[in-house]
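Please look at the structure first.

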Amino acid sequence: MKNSLVIIVEDDAPLRQGLSDWLSEEHEVSSFGSAEEFLLALNDFEFELGIPTCMLLDFQMPGMTGVELQSTLRHSNIEFPIVFMRGNAQHADIIEAWRGGAVDFLLKPFTGGEVSNALSASFSKSALLKLDAQVVQETDSPIELSITHREAQVLLLLGQGHR
């Protein structure tokens, strides 16, 4: 089993297949022809296993756009780095993707080197996200405070709505 996952969401079948074939030499790859197709398969992924994951996401697709998918994932608390791909991006498009948390933006046609660089940056960000999650889990333990019996009674009454 490979130690990283690249999710490709691209409506251009030859580009999607080419990326999938090439990237599968080094990464686990899952590819989808639309955002909706990816969302239908979302429950098949085991993100909690901690496998570094990133997404190559087409910006403009029929149906749900890449930015709409990015927003849907963020609202579902599914977080991994996203590299957008677009044929003719406008500045406003790029800004919208960056504000949503994109780590890179590739303009089509792109080279293999550009994809490799974007994925390297993505996996670095994925590792940082994993470390952040571990820190949060480690600090979620209850804090022990020593309080008197009377202070505990007052807190209990306050919690019940008494003033």
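Q: Which residue meets Asp58 in a salt bridge?
A: This is a predicted model, in which local features need pLDDT of at least 70 and side-chain atom pairs count only at pLDDT 80 or more, while totals for chains, interfaces and linings use all residues. Residues are numbered from 1 along each chain as its sequence is written, and side-chain values use heavy atoms, with hydrogens and water left out. A salt bridge is a side-chain nitrogen of Lys or Arg within 4 Å of a carboxyl oxygen of Asp or Glu. At 3.3 Å from N to O, the partner of Asp58 is Lys108.

Q: How many residues apart are Asp58 and Lys108?
A: The salt bridge between the side chains of Asp58 and Lys108 links distant parts of the chain.

Q: Is Lys108 buried, partly exposed or exposed?
A: Buried means under 20% relative accessible area, exposed over 50%, and partly exposed in between, with a 1.4 Å probe and protein chains only. Lys108 has a relative accessible area of 23%. Lys108 is therefore partly exposed.

Q: Is Glu10 buried or exposed?
A: Glu10 sits in the loop between β1 and α1. Its relative accessibility is 0%, so Glu10 counts as buried.

Q: With which residue does Glu10 form a salt bridge?
A: The closest N and O atoms of the pair are 3.0 Å apart. Because Glu10 lies in the loop between β1 and α1 and its partner in the loop between β5 (104–107) and α5 (112–139), the bridge ties together parts that are 98 residues apart in sequence. Glu10, Asp58 and this partner are linked in a network of salt bridges. The partner of Glu10 is Lys108.

Q: Which residue has its backbone nitrogen 2.9 Å from a polar atom of the Glu10 side chain?
A: Glu10 is buried, with a relative accessible area of 0%. Besides its salt bridge with Lys108, the Glu10 side chain has a polar atom 2.9 Å from the backbone nitrogen of Asp12.

Q: Within what arc do the buried residues of α3 fall?
A: In helix α3 (residues 66–75), the buried residues are Gly66, Val67, Leu69, Gln70 and Leu73. They line one face of the helix, because, seen down the axis of α3, they fall within an arc of 160°.

Key
Helices (H or I, at least four residues) and strands (E, at least two) are DSSP runs, numbered from the N terminus. The arc is that of the directions from the helix axis to the C-beta atoms. A polar contact is a pair of N or O atoms within 3.5 Å; within protein, one must be able to donate a hydrogen and the other to accept it, and residues adjacent in sequence count only if both atoms are side-chain atoms.
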